[in-house]
Amino acid sequence: MSAPPTTSAAPRSGLVVLALFLVYVVWGSTYLGIHLALEGGMPPLSVISGTRFVIAGGVLYAMLRWRGVAPPTRAQWRTLAVMGLSLLFLGNGMVVLAERDVSSGLAAVAVASVPLWMALFSAFRGQRVTGGEWLGIAVGFAGVLWLNAGSSLTATPAGLVFLLVAPLGWAAGSIWSRGRDLPSPFMTAAGQMLCGGAILVVAGLLRGERMTAPPSLQGVLAVAYLCVFGSIVAFTAYVWLLHNVRPVLASSYAYVNPVIAVALGAWIAHERFSAADIGAMAVILAGVVVITLARMRRA
């Protein structure tokens, strides 16, 4: 999503810190939440991704309509459906499928490459890319190659494919949506979650996902956490940040979330990471930081 202009009045620093905490920690913890939901017997596409987004999108949509926000037009719904397909089905759904085979921290590290793909796709669309941004792309993709060739991903070919598709889908959808006719930011989020959630539910049912046994309490609580905190609270905080702080600060979650995810995975899920995993993460995040700094200088 492109960043709307910041407001003229400076927000209170306490609110900025709270919003950043929610985006950093809650979004970083969603990878562990997915791991716990899978461990608790929840179907990946139809429930952990699909039902979660349908509920979250429905709640947000109802709240916005109650407050008088205009609904999307028919043309806008078509755009939101494409965004739901690329960002949520390909972006989030593939991460959930990957986490059946790889650790939550490793999944977060792979998704950290999204800004690199976005910068590359922007160049393909004719946007001017500075030398600093090209340097960041080169550094970041060196880390991506290291992650895919020298880490524990090599032992899980399916997980490797899913974690290659996920950031590609998210980045492509983000770039494609720029300049499109969209409703207000929060209504865009609600419509995108409704469309993407519906696609995920259908895809899960078509691939034969069924709950053969009652889910554990852990699985139910994990999906509830993803729905309420990951899809409503943290995203609301992110949109608020886009309206009230510089876009570069709002987007800084891209290189904080993987660190949070790796730390939580090691602490709570007792995940173990090789030196190659940690080294690849450091190189990917270095590339993202270089791109961010180059864009700040250009701005």
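Buried, in this talk, means under 20% relative accessible area, exposed means over 50%, and partly exposed is whatever lies in between. I start there because those cut-offs decide how I label residues from here on. One more point before the details: the model on the screen is a predicted one.

Let me begin with helix α1, which covers residues 13–39. Leu15 sits in this helix. Its relative accessibility is 35%, so Leu15 counts as partly exposed. Leu15 also belongs to a nonpolar patch on the surface, together with Leu18 and Phe21. The accessible area of Leu15, Leu18 and Phe21 together is about 280 Å².

Staying in α1, look at Val26. With a relative accessible area of 6%, Val26 is buried. Pick out Ile291 as well: Val26 and Ile291 are separated by 265 residues in sequence, and their C-alpha atoms are 24 Å apart in space.

Another residue of α1 is Leu38. Is Leu38 buried or exposed? The value is 19% relative accessibility, and the cut-off for buried is under 20%, so Leu38 counts as buried. Between Leu38 and Val256 there are 218 residues of separation in sequence and 24 Å in space, C-alpha to C-alpha.

Now for what α1 packs against. Helix α1 packs with helix α9 at an angle of about 150°, and the two axes are 8 Å apart. That angle makes α1 roughly antiparallel to α9, because angles over 145 degrees are put in that class. The crossing in which α1 passes α9 is left-handed.

Helix α9 itself runs over residues 217–244, and Leu217 is found in it. At 61% relative accessibility, Leu217 counts as exposed. From Leu217 to Ala98 is 119 residues in sequence and 23 Å in space, again C-alpha to C-alpha.

As for handedness, α3 passes α7 in a left-handed crossing.

In α7, find Val161. Its relative accessible area is 47%, so Val161 is partly exposed. Val161 and Gly208 are 47 residues apart in sequence, with 20 Å between their C-alpha atoms.

Next, helix α5, residues 114–124. This helix is mostly covered, with 10 of its 11 residues buried. Among the buried residues are Trp117, Met118 and Phe121, and also Pro115 and Ser122. After α5 comes Gly126, which has a positive phi, near 95°.

On to charged side chains. How many salt bridges does a search of the whole structure find? The search finds 1. The side chains that meet in a salt bridge are those of Arg207 and Glu209, at 2.8 Å from N to O. The two partners fall in separate accessibility classes. Arg207, at 40% relative accessibility, counts as partly exposed. Glu209, at 7%, counts as buried.

The last stop is His270. You will find it in the loop between α11 (257–267) and α12 (275–298). For background, most residues other than glycine have a negative phi. At 56% relative accessibility, His270 counts as exposed.

Helix α5 is mostly covered, and Arg207 and Glu209 form a salt bridge.

How values were computed. Residues numbered from 1 in each chain as written. Predicted model: local features only at pLDDT ≥ 70, side-chain atom pairs only at ≥ 80, totals over all residues. Heavy atoms only, no water. Patch = residues over 30% accessible without salt bridge, like charges linked within 9 Å, V, L, I, M, F, W, Y side chains within 5 Å. Areas by Shrake-Rupley, 256 points an atom, 1.4 Å probe, with all protein chains shown as cover. Salt bridge = Lys/Arg side-chain N within 4 Å of Asp/Glu carboxyl O. Helix = DSSP H or I, 4+ residues; strand = E, 2+ residues; numbered from the N terminus. Buried < 20%, exposed > 50% of the residue type's maximum accessible area, 1.4 Å probe, protein only. Left-handed = near helix turned anticlockwise from the far one by under 90°. Axes fitted to C-alpha atoms, helices over the stretch in contact; angles between N-to-C directions. Parallel < 35°, antiparallel > 145°, perpendicular 65-115°, else oblique.
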